[in-house]
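Thanks, everyone. I will go through the charged pairs, then the strand pairing, then the nonpolar cores. Please have a look at the model first.

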Amino acid sequence: MLNSTKVMAALGSNVFFIGSVGFDDAAMRLKESAKRYGFSESLRTTETAHTGEVLCLVTPEGQRSFAYYPGATATLQYDDFVVAFNQRCTHNSFNRCKLAYFDCYTLLISENFTERVMEYV
C-alpha cells in the first residue's frame, strides 16, 4: 500500500494514509516516507505489535510471491478509521474524499472492516 501511496502523491494527488503501526524502525520509515513524498498520514501506534510488512520474493525466472506479516495492521479498528477520516477528510483540502484505496491486505483486517469503511466513505 505504501508504494501506491507514494506514486499517487508523486503524481500530484492529495493523499491521506490511514493505518496502524508499532513502535519500530518500519514505522519510522513510513513516517519519513510521508514527509519525503508529501502525503499526510494518521497512524495509530500500538505497543502490542510490530508494524506490518510485505516481503516480495522473486525467483530467477521472474515469478513473484509475497510473504505477509500483518502486525499492527491487524489492530486497526473501524472506529480508528472513522476518527482519522473525520479529522482530516472533512476539513481543509479534503472536502470530499474522491478515492478510497484499500490494498488486498486490508481485506484481511477483520470480517467486515472494509465493507463498513466503504459504506462510511
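R29 has a relative accessibility of 45%, so it counts as partly exposed; buried means under 20% relative accessible area, exposed over 50%, and partly exposed in between, with a 1.4 Å probe and protein chains only. This is a predicted model, in which local features need pLDDT of at least 70, side-chain atom pairs count only at pLDDT 80 or more, and totals for chains, interfaces and linings use all residues. Residues are numbered from 1 along each chain as its sequence is written, and side-chain values use heavy atoms, with hydrogens and water left out.

Which residue does R29 pair with in a salt bridge? The partner is E53, and the closest N and O atoms are 3.5 Å apart. The criterion for a salt bridge is a side-chain nitrogen of Lys or Arg within 4 Å of a carboxyl oxygen of Asp or Glu. Helices (H or I, at least four residues) and strands (E, at least two) are DSSP runs, numbered from the N terminus. E53 is also partly exposed, because its relative accessibility is 42%.

The structure holds 2 salt bridges. Another is formed by R44 and D80, with 3.1 Å between the closest N and O atoms. Here strand β2, residues 40–45, supplies R44 and helix α3 supplies D80, so parts 36 residues apart in sequence are tied together. R44 is partly exposed at 30% relative accessible area, and D80 is partly exposed at 25%.

Now the strands. β1 and β2 run parallel and are joined by 6 bridges; strands count as paired if DSSP finds at least two bridges between them. F17 has E41 in β2 as its bridge partner. From β1 the chain passes through α2 to β2, a right-handed β-α-β crossover. Right-handed means that, with the strands pointing away from the viewer, the path from the first strand over the helix to the second runs clockwise.

Last, the cores. A nonpolar core is a set of buried Ala, Val, Leu, Ile, Met, Phe, Trp, Tyr and Cys residues joined through side-chain atoms within 4.5 Å. The largest has 11 residues, among them F16, I18, F81, F85 and F113. β1 (16–21), α3 (78–88) and α4 (113–120) each give two or more residues to this core, and α3 gives the most, with 5. A second, separate core has 9 residues, including V15, F17, V21 and F39.
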